[in-house]
Structure formats: structure tokens, C-alpha cells
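Subject: Structure for you to look at

Hello,

Here is the structure I promised to pass on. Please open it beside this email, and read my notes below as you turn it.

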Protein chains: 2
Amino acid sequence: MAEVPRRGPYICGIDAAFDVVSGKWKGLILWELDAHGVRRFSELRRGLPGVSEKMLTQHLREMEADGLVHREVYAEVPPRVEYSLTEHGHTLNKALEPLGAWGIERMGREGSERAVVVETPHG
Amino acid sequence: MAEVPRRGPYICGIDAAFDVVSGKWKGLILWELDAHGVRRFSELRRGLPGVSEKMLTQHLREMEADGLVHREVYAEVPPRVEYSLTEHGHTLNKALEPLGAWGIERMGREGSERAVVVETPHG
DNA sequence: TCGCTCCCTTACTAAAAGGTAAGTACCGCA
DNA sequence: TGCGGTACTTACCTTTTAGTAAGGGAGCGA
């Protein structure tokens with residue numbers, strides 16, 4: 001239901017890549033899986049402070065359908081599911097690195113040029 | 001009004017960078033301005049098929065506030081406004097290049113693996 | 001037996017993003 | 001006098017995205 005067809009005719013590569021990483025937590029999921037290699041559902045949940053179970057499931061399903069993550073289900077009785085990055089997920093993460101570096105530079109610029117207070121709102 | 005505070009405490013650089021490029025047309029605007037150097041409002045509108053005036057204005061304003069585009073207004077009588085990328089806009093575009101390349105590869109994979117037709121709908 | 005953990009699913013609701021359409025002020029052209 | 005072009009702004013509505021809350025089935029400790 002919530003599954004939109006997506007994968008429409010893309011105008012450029014950015015467009016196609018954004019289609020796959022747009023979503024509030026997808027970047028973080030990618031990061032977590034890259035940093036830890038393999039993670040269980042509940043581990044991811046704890047690693048992404050504030051994510052709801054619904055969104056985590058939904059994003060993981062979409063990323064699985066997009067070939068970014070691998071989902072391994074163990075037919076045990078306390079159910080166990082392990083998530084890891086596929087090769088495409090790893091290359092995507094690599095491709096995101098320069099963007100992350102740009103973002104970090106930007107955070108530094110904001111802090112120095114505009115002296116934006118990001119801490120406690122009424123401190 | 002539509003201006004959300006944004007610039008919240010970011011978790012990582014990707015987060016900060018995404019805050020700045022998330023928006024249906026921002027990637028394309030960046031691309032257009034990078035390709036042409038300087039563009040007028042109506043030129044951008046024609047270059048982004050399907051964009052509404054409202055969205056184009058809104059995105060350009062946000063990108064200006066984020067220090068990505070420069071806006072030059074000429075006090076002429078048919079009003080003339082020219083947009084161009086700032087240096088930060090250029091570096092952002094550079095940082096997006098690997099992601100674009102990844103997206104293009106992905107489009108190729110989809111085309112071969114799933115045989116999705118992405119070409120001109122009616123010739 | 002109760003409640004806890006695990007990994008989800010479903011329904012409902014709120015917020016954000018985006019689209020449509022109209023209005024603004026000025027000019028040149030026919 | 002009316003139309004089109006320029007660069008927007010505003011109001012209203014729809015779509016998309018995300019959050020909240022609840023349930024489900026099975027084992028395990030108290």
C-alpha cells in the first residue's frame with residue numbers, strides 16, 4: 001500500500017540515488033550497518049535514537065527491495081533477523097562519503113560564521 | 001511561513017548535507033546552475049520541466065539562505081534576476097558527483113537486470 | 001498465569017512537502 | 001484596450017511521509 005512504484009524515469013544519476021536514500025533514517029541505517037557489519041533489528045533500533053519500529057521496518061524493506069541490504073532470517077524460536085549491507089550498499093556508502101565530508105565542513109562553517117546556537121533552546 | 005527552522009543538531013555530515021539538498025528540484029537546480037553558470041528565473045523554469053513557480057522560488061530562497069546560490073537583482077523595468085552558484089554550491093556539486101555516478105550505475109543495473117524501460121515515453 | 005522479549009503488522013493521525021490557481025506591478029506591442 | 005512577458009506572492013488543497021498506539025505468537029523467568 002505505502003509502496004509507491006518509484007524507480008520512475010530518472011533525469012540524472014543524482015535523481016536515481018536520491019530515490020534510494022531519501023527517508024528520514026536511511027542514511028543512518030547505511031552508516032550503522034557499514035560500521036558494525038551485521039546488526040539485528042533491535043540493535044538497529046537502539047542505534048537510531050527516536051526511530052519507530054514501523055519506520056525501521058519500512059525503511060529496511062525498501063532498502064532490501066533496492067538491493068542495498070541483505071536480510072537473513074533464522075527460524076529460531078525467539079526470532080532472529082540479521083541485516084547487513086550488500087555490495088551495492090557498500091558502494092553507495094562510499095559514494096556518500098564526499099557528501100558527508102561536505103556536510104561536516106558546512107557544520108563547521110555555520111558554527112563559526114553565523115554563530116548559530118544549536119544547543120538548549122532557552123538556555 | 002513555510003520556513004522551518006531546520007539546521008537542527010545534526011547526527012553526521014550526511015544529515016547536514018541532506019538538509020540542504022532535500023527538495024524535489026534542488027539537485028536539478030544545482031545541476032542547471034553548474035552547467036550554465038548563470039540563469040534567469042524563467043530560464044531555470046524552462047530547464048526544469050514540471051516545476052511550479054512557487055516551488056522554484058521557494059527552493060531558490062532556501063538555497064540562497066543556505067549559501068549555495070547567489071541572487072542578483074537588476075532594478076530594470078522588465079524585472080531581471082540572475083542566479084548562480086556560490087563557491088559552496090560548486091563544492092557541493094563536486095561532492096555529489098560520486099553519488100550521481102553511483103545512481104547512473106544503478107540505472108544501468110536496473111535496465112539490465114529487470115529490463116525497466118526508462119526512455120522517452122512517446123518517441 | 002503474568003508479563004517480558006523478539007520482529008514485525010495494521011490502523012489511525014499529524015505534519016511536511018508539493019501542486020494549482022489566482023493576484024501583483026510594470027512595460028511593450030498590436 | 002487587451003495580451004503577453006517578467007518575477008514573484010498568497011491562499012487553498014492534495015499527496016506523501018512520519019509518528020503513535022495497539023496487536024500477534026511463541027518461549028522463558030517469576
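How does the surface near DNA strand D divide by class? By class it has seven nonpolar, five polar and eight charged residues. Here Ala, Val, Leu, Ile, Met, Phe, Trp, Tyr, Cys and Pro count as nonpolar, Asp, Glu, Lys and Arg as charged, and the others, Gly among them, as polar. A residue is near a strand if one of its heavy atoms lies within 4 Å of it.

First, the ground rules. This is a predicted model: local features need pLDDT of at least 70, side-chain atom pairs count only at pLDDT 80 or more, and totals for chains, interfaces and linings use all residues. Residues are numbered from 1 along each chain as its sequence is written, chains are lettered from A and ligands numbered from 1 in the order in which they are written, and side-chain values use heavy atoms, with hydrogens and water left out.

DNA strand D

DNA strand D is surrounded by 20 residues. The closest are A:Lys24, A:Lys54, B:Glu53, B:Arg71 and B:Tyr83. Of the atoms of DNA strand D that come within 4 Å of the protein, 63% are sugar and phosphate.

Some polar contacts stand behind this (a polar contact is a pair of N or O atoms within 3.5 Å; within protein, one must be able to donate a hydrogen and the other to accept it, and residues adjacent in sequence count only if both atoms are side-chain atoms). A polar side-chain atom of A:Lys24 is 2.4 Å from a phosphate oxygen of DNA strand D. A:Lys54 goes to a base oxygen, at 2.3 Å from a polar side-chain atom. B:Pro79 uses a polar backbone atom, 3.0 Å from a sugar or linking oxygen of DNA strand D.

Which element gives the most to this surface? Helix 4 of chain B does, with four residues. Helices (H or I, at least four residues) and strands (E, at least two) are DSSP runs, numbered from the N terminus. Helix 4 of chain A, and helix 3 (41-47), helix 4 and strand 3 (80-85) of chain B, each supply at least two residues.

DNA strand C

Around DNA strand C there are 21 residues. A:Glu53, A:Arg71, A:Tyr83, B:Lys24 and B:Lys54 come nearest. Sugar or phosphate holds 64% of the DNA strand C atoms within 4 Å of the protein, and the rest belong to bases. Helix 4 of chain A supplies the largest share, four residues.

Two side chains of chain A reach phosphate oxygens of DNA strand C: A:Arg61 at 2.7 Å and A:Ser42 at 3.0 Å. The side chain of B:Lys54 has an N or O atom 2.2 Å from a base oxygen.

The two copies

Chain B can be laid on chain A with an RMSD of 0.1 Å, by a turn of 180° and a shift of 0.0 Å along the axis. The superposition is by least squares on the C-alpha atoms of residues with pLDDT of at least 70 in both. That is the relation of a two-fold axis. Both copies use the same surface: 97% of the contact residues of chain B recur in chain A. Contact means heavy atoms within 4.5 Å.

The sheet of chain A

Three strands of chain A form an open, antiparallel sheet in the order 1-3-2. Strands pair if DSSP finds at least two bridges between them. Strand 1 (38-40) and strand 2 (69-74) are the edges, each pairing on one side only. Six bridges join strand 2 to strand 3. A hairpin links these two strands through five residues. A:Arg71 has A:Tyr83 as its bridge partner, and A:Tyr74 has A:Arg80.

Helix 2 (residues 26-36) lies across strand 1, strand 2 and strand 3 of chain A, at about 95° to strand 3. Helix 4 lies across strand 2 and strand 3, at about 115° to strand 2. Axes are lines fitted to C-alpha atoms, for helices over the stretch in contact, and angles run from 0 to 180 degrees between N-to-C directions.

One residue of strand 3 to look at is A:Glu82. Its side chain makes a polar contact with that of A:Arg80 (3.0 Å).

Best wishes
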